[in-house]
Amino acid sequence: MAALIAENFRFLSLFFKSKDVMIFNGLVALGTVGSEELFSVVAFNCPCSPARNYIYGLAAIGVPALALFLIGVIWNNHTWNLVAECHKRGTKNFSAAATFLLFGSIMGRASVAPITWSVISLLRGEAYICALSEFVKPSSLDKFPSENGAEVLAKFPCRDVPANLTKFRDEVTRRLRYESQLFGWLLIGIVAVLIFLTKCLKHCCSPLSYRQEAYWAQYRSNEDKLFRRTAEVHSRILAAKNVKQFFGFVALDKEEKELVQEFPVEGVQPSPQWNAITGVYIYRENKGFPLYSRLHKWAKGVEGNGPTPEGHELLFLAS
């Protein structure tokens with residue numbers, strides 16, 4: 001148990017440090033697997049009661065999956081960029097294809113953890129067996145005592161049955177586990193095919209070459225890292241300046257003193273500038289030259305957000 005908890009803490013550490021999409025999704029999946037295992041060990045406990053089994057079994061699969069999906073939506077930067085875009089500019093500048101791709105990106109990234117949870121739950125089979133054991137038809141079991149019905153079948157997941165029904169319990173459990181794992185493998189196959197088709201469609205419809213898309217991804221990653229790092233330093237220096245003005249002095253360590261001396265901050269950026277670099281960004285070209293982000297567009301002094309006659313439009317899905 002201690003090892004499992006330690007693995008989940010290591011996962012969380014890597015989760016917040018990861019910037020690469022594939023690594024990010026892989027860590028989400030691995031963390032979900034560990035969480036599902038922990039849940040099965042310490043939390044899952046089938047009530048083994050008619051009517052309750054079905055609700056509990058479905059809740060054990062569906063509720064955590066729903067929670068993970070909502071968390072994925074919340075943690076996706078595209079979600080809040082879309083909110084800011086709708087609040088500040090509306091979506092009139094988006095084509096139907098761009099809007100579809102944007103929502104597809106948000107939903108796809110948010111679905112990694114819940115799908116992983118559902119697949120692992122189905123492959124384990126415990127929740128599925130708990131939910132459906134009472135619905136097995138007694139007539140499908142050879143020589144099953146006719147006086148026993150749903151109440152006895154509902155107790156099969158808990159192994160709390162008379163000795164003469166042990167073989168029936170094993171058969172029911174084996175049958176339901178087979179169905180559960182079959183659905184799990186089918187879900188894996190369907191998701192794999194959808195991912196493959198999505199990647200093919202993205203590259204086929206992209207007006208950019210593979211190398212330029214790779215460069216775009218590198219640019220956005222570097223821009224984001226530098227922006228966050230610079231914003232942290234800028235806010236610290238500005239805070240030091242304001243604290244000094246209030247108290248007459250400010251207690252800085254050696255590193256902070258060097259930052260204040262090296263990077264003098266004269267003021268803050270006005271709200272229109274923040275609004276200009278905030279929101280969903282659809283790839284644009286201005287007179288044949290690419291604009292890789294809202295910040296890049298602002299730095300070049302390009303006005304407006306609508307596509308130009310000579311421009312291209314492509315939603316960046318990798319960030």
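What is the handedness of the link of Cys48 and Cys158, going by the angle about the S-S bond: right-handed or left-handed?

A: The link of Cys48 and Cys158 is right-handed, with 95° about the S-S bond. Cys48 sits in the loop between α2 and α3, and Cys158 in the loop between α8 (150-153) and α9 (166-205), so this pair ties together parts 110 residues apart in sequence. The model is a predicted one, in which local features need pLDDT of at least 70 and side-chain atom pairs count only at pLDDT 80 or more, while totals for chains, interfaces and linings use all residues. Residues are numbered from 1 along each chain as its sequence is written, and side-chain values use heavy atoms, with hydrogens and water left out. Helices are DSSP runs of H or I with at least four residues, numbered from the N terminus.

The sulfur atoms of Cys48 and Cys158 are 1.6 Å apart; a disulfide is a pair of cysteine sulfur atoms within 2.5 Å. Cys48 counts as buried at 11% relative accessibility, whereas Cys158, with a relative accessible area of 34%, is partly exposed. The classes are buried under 20% relative accessible area, exposed over 50%, and partly exposed in between (1.4 Å probe, protein chains only).

The whole structure holds 2 disulfides. Cys46 and Cys130 form a disulfide with their sulfur atoms 2.1 Å apart. Here the torsion about the S-S bond is about 85°, so this disulfide is right-handed. Cys46 belongs to the loop between α2 (21-42) and α3 (52-75), and Cys130 to helix α7 (residues 126-132); the pair links distant parts of the chain, 84 residues apart. Both Cys46 and Cys130 are buried. With the bonded cysteines of the chain numbered in sequence order, the pairing reads 1-3, 2-4.

Cys200 is partly exposed, with a relative accessible area of 31%, while Cys204 is exposed at 66%.

Residues 54-75 are 100% helix and 0% strand, with end C-alpha atoms 32 Å apart. Residues 182-201 are also 100% helix and 0% strand, and their end C-alpha atoms lie 28 Å apart.

Elsewhere in the chain, a search finds 7 aromatic pairs. The rings of Phe227 and Trp274 have centres 6.2 Å apart and planes at 90°, so the pair is edge-to-face. Phe227 lies in helix α10 and Trp274 in helix α12, so the pair ties together parts that are 47 residues apart in sequence. Rings of Phe, Tyr and Trp (its six-membered ring) pair if their centres lie within 6.5 Å, with planes under 30 degrees apart counted as stacked, over 60 as edge-to-face and the rest as tilted. Phe227 is partly exposed at 34% relative accessible area, and Trp274 is partly exposed at 40%. Ring pairs also join Tyr215, Trp216, Tyr219 and Tyr292 into a cluster.

How values were computed. Helices (H or I, at least four residues) and strands (E, at least two) are DSSP runs, numbered from the N terminus.
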